[in-house]
Amino acid sequence: GFRFASTTASLKTETEVDTSENEIVAPNFTNRNPRNLEQMALARKERGWKTTWPKREFWHRLRLERTQHYVEAFVERSNGDVVVSASTREWAIKRHLYSPKGVAACRNLGRVIAQRCLEAGINFVNFKAIIPWEHRCDSIQEFEKAVKEGGVVLHEPRRIYR
Amino acid sequence: MAAPLLSAALRGARGGRSFGTAAVLWKRAAPLGPMPNEDVDVARLEELQRYRSFARYLRQAERAGREPRWWNTYRKHSHPPAEPQPDIGLPPERLSRAEELKERKRILRENRRNAEMERAARLRTVLIPLDEVRAEWERTSGPFHKQRVAKHCGLFRDLFRGATFTPWVALRVHYSQEDEYLVPVYYGNMVTPSEASSPPEVSYEADKGSLWTLLLTNPDGHLRDADSEYLHWLVTNIPGSDIKAGKEMCHYLPPFPAMGTGYHRFIFLLFKQHGPIDFSQDARPTPCYSLKMRTFSTFDFYRKHNDAMTPAGLAFFQCQWDSSVTSTFHQLLNMREPVFEFVRPPPFHPPQVKFPRHQPLRYLDRYRDTQEPTYGIY
C-alpha cells in the first residue's frame with residue numbers, strides 16, 4: 001500500500017507526496033508508436049501475395065522509378081503509403097544536375113535518399129522488387145552503391161517469431 | 001430458373017434450416033460501373049499500341065492497381081479512405097511564383113550551357129553538394145516531407161486527434177556530447193537516453209519581436225494511462241530564437257523509456273504565439289519529478305491556448321531503453337524501475353467444428369486447454 005502525506009502543507013512532506021505516487025504503474029503497457037513493432041522486428045510482414053509479383057513481405061521498400069524525363073525514388077510501406085521520397089523533379093536537386101535523368105542523376109539521387117532515410121530513422125529497406133534483368137544496368141547499380149554508401153542497409157532483418 | 005431457387009432459399013432463411021446456395025448471394029443486376037477492358041476494341045487488335053517492354057507494362061499495372069474501383073478491393077478493405085483533416089498550422093507564404101520560375105529557368109539554361117557540368121555528367125563523376133541540397137530542401141519541399149513522415153509515425157493522430165499542420169519553420173535541435181560531438185534530432189532518427197540527458201540546443205529562424213513556445217512531450221511512455229503523455233520540457237514566451245530568455249514553465253527531464261517497451265517517440269513542438277500569453281496554469285514547480293504532475297495532454301493544452309498560438313515547427317526522435325534510464329528512475333524519479341515484457345497476441349483459431357475437413361490430428365491440440373501435443377511424441 002501507499003502512504004499519502006497529511007493535508008497539512010509543509011515543504012518536507014510536499015516532496016514526499018510528489019514522488020511517492022510514481023511507483024503506481026499499470027500492469028499492462030501499451031505503446032502507441034506505429035513504428036515500434038517494426039523497429040523491434042516484431043511486426044508482421046504481409047506474407048501472402050505468393051502467387052503475384054512483386055511480393056509485399058517487407059516493412060519498407062525502396063522503389064526507383066526511371067521515367068523518360070526524371071528519376072524518382074520512393075520509400076514506401078506495404079500498403080503503398082510513401083514515407084520518404086526524393087526526385088530529380090525537386091528544385092533542390094535539379095539545380096545541381098546537368099540532366100535530371102541518367103546514371104549521374106541516379107547516383108546523386110541515391111545519396112540524397114540515403115540521407116533522408118537516415119534522418120527519418122529508416123535504417124533497413126527492401127530493394128528486391130526490381131525487374132531482375134534491369135538490376136544489371138548501370139544506373140540501378142550506381143543507385144544501389146550510393147544508397148549502401150549512404151548507410152542504409154538494403155535488406156530487412158528477419159522477423160522474430162519466438 | 002433463378003427465381004424458384006431464390007424463393008426456396010429465402011423461404012429457408014426465414015425459418016428452419018436453410019440449405020446454403022450461392023443463388024442467394026447474387027442476383028442479376030447491371031454492373032455499377034464500367035467493366036475492365038471495356039474500351040478495348042476486340043475486333044481490331046492489331047491497331048492497339050503494344051507495351052514493347054516489361055517496365056512500361058509494370059508501371060501501367062501498378063498505376064492501375066492504385067486507382068479507386070467500384071468493386072470491393074483489398075485496398076479499400078485495408079485502407080479505408082480518410083476524411084479530410086483540419087489544418088491547424090500557419091498559412092503558407094504566397095511568394096510571387098512567376099519571378100521564381102523565371103529565375104529557375106535561367107539557372108537551368110546556364111547549367112545546360114556549362115561544358116564542365118556536361119563533362120562531369122557524361123563521365124559520371126558529378127557529386128552534388130548534399131548540405132546545399134538539404135538547405136534548399138528545407139525551404140521548399142521540407143515541410144511537406146516532414147508532415148508526411150509525422151503522419152506515418154502517428155503524431156497527428158496521437159497529439160492533435162487527427163488535425164494536421166505543415167511545419168513551415170525549420171526547427172534545428174541537437175544534443176551536444178562531451179567531446180564536441182553533436183547528436184542531431186531530425187524527423188524520426190534514433191537518439192539514446194544517455195545522449196539526451198541534458199537539454200539540447202534549439203535554433204530556428206525567427207523575426208525580432210515574435211514570441212514562441214517550445215514543448216517536448218512523450219506520447220508513448222505513460223506508465224498508467226495509455227492516452228496521456230509525459231511533459232519533458234516547456235519553455236514559453238521565447239523572444240526571437242533565444243531559448244534562454246524564455247520562461248521555463250517545466251524544467252528539462254531526460255527521457256526514460258522503460259525496459260521492454262521498445263521505441264518511444266519524443267516530439268519537439270514549436271508554437272508561434274500571436275502575443276504574450278499567461279501560462280501560469282501550466283507552470284510546474286521547479287524540481288518537478290512527480291509523474292502525476294508531468295502527465296500532460298497536448299490536445300487540451302492546445303485547445304486552451306488555441307486562439308493565441310499556432311504550431312509552426314516539428315522535430316522528433318525515437319528512443320529506446322539504455323542503462324542511464326535506470327539511474328533516472330532511481331535518482332530523479334525516486335522509484336523502482338518497471339520492466340516490461342512483450343506479450344504476443346494469442347494465435348487466432350476459427351470456431352471448432354465437429355467434423356473438420358482436411359485438418360491434421362493436431363487440430364484437437366489447438367482447442368484443448370492443457371498442453372498435450374499429439375505430434376512428436378513417438
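Me: Before we count anything, what makes two aromatic rings a pair?

Reply: Take the rings of Phe, Tyr and Trp, using the six-membered ring for Trp. Planes under 30 degrees apart count as stacked, over 60 as edge-to-face and the rest as tilted. For the pairing itself, the centres have to lie within 6.5 Å.

Me: How many aromatic pairs does that give over all chains?

Reply: Keep in mind that this is a predicted model. With the ring rule applied over all chains, the count comes to 25 aromatic pairs.

Me: What kind of pair do B:F268 and B:F317 form?

Reply: Their centres are 6.2 Å apart, and there's 40° between the planes. Planes under 30 degrees apart would be stacked and over 60 edge-to-face. That leaves B:F268 and B:F317 as tilted.

Me: Where in chain B do B:F268 and B:F317 sit, and how many residues apart are they?

Reply: B:F268 belongs to strand β8 (residues 264-273) of chain B, while B:F317 belongs to strand β10 (residues 309-319) of chain B. Both residues are buried. The pair links distant parts of the chain, the two being 49 residues apart.

Me: Are B:F296 and B:F301 buried or exposed?

Reply: These two form a tilted aromatic pair as well, 5.3 Å centre to centre with 50° between the planes. The cut-off for buried is under 20% relative accessible area. B:F296 has 6%, and B:F301 has 2%. So B:F296 and B:F301 are both buried.

Me: Which residues do ring pairs link into a cluster with B:F296 and B:F301?

Reply: The cluster is held in chain B and built from ring pairs. Besides B:F296 and B:F301, its members are B:F156, B:F160, B:F165, B:F271, B:F279 and B:Y302.

Me: B:H305 is in contact with which residues, leaving aside neighbours within four places in sequence?

Reply: B:H305 has its place in the loop between α10 (298-304) and β10 of chain B. Its relative accessibility is 9%, so B:H305 counts as buried. Sequence neighbours aside, B:H305 is in contact with B:I277, B:D278, B:F279 and B:D282.

Me: What distance separates the C-alpha atoms of B:P193 and B:W321?

Reply: B:P193 lies in the loop between β3 (187-190) and β4 (201-203) of chain B, and with a relative accessible area of 1% B:P193 is buried. Among the residues B:P193 touches are B:P255, B:C319 and B:D322. B:P193 and B:W321 are 128 residues apart along the chain, yet their C-alpha atoms are separated by 7.1 Å.

Me: Over to chain A: which strands are the edge strands of the open sheet?

Reply: The sheet has 3 strands in the order β1-β2-β3, with antiparallel pairing. An edge strand pairs on one side only, which picks out β1 (61-66) and β3 (82-87) of chain A.

Me: At what angle does helix α4 of chain A run to β3(A)?

Reply: Helix α4 (residues 103-119) lies across β1, β2 and β3 of chain A. Against β3(A), the helix runs at about 145°.

Me: The charged end of B:R112 sits over which ring?

Reply: Within chain A, the charged end of A:R56 sits over the ring of A:W49, 3.6 Å from its centre. The charged end of B:R112 is 4.6 Å from the centre of its ring, and that ring belongs to A:Y98.

Me: What ipTM does the model score?

Reply: Chain B averages a pLDDT of 88, with 93% of the residues at 70 or above. The model's pTM is 0.87, and its ipTM is 0.88.

Note on methods
Residues are numbered from 1 along each chain as its sequence is written. Chains are lettered from A and ligands numbered from 1 in the order in which they are written. This is a predicted model: local features need pLDDT of at least 70, side-chain atom pairs count only at pLDDT 80 or more; totals for chains, interfaces and linings use all residues. Side-chain values use heavy atoms; hydrogens and water are left out. Helices (H or I, at least four residues) and strands (E, at least two) are DSSP runs, numbered from the N terminus. Buried means under 20% relative accessible area, exposed over 50%, partly exposed in between (1.4 Å probe, protein chains only). A charge sits over a ring if NZ of Lys or CZ of Arg is within 6 Å of the ring centre and within 35 degrees of the ring normal. Contact means heavy atoms within 4.5 Å. Two strands pair if DSSP finds at least two bridges between them. Axes are lines fitted to C-alpha atoms, for helices over the stretch in contact, and angles run from 0 to 180 degrees between N-to-C directions. pLDDT is the predictor's confidence in each residue, from 0 to 100.
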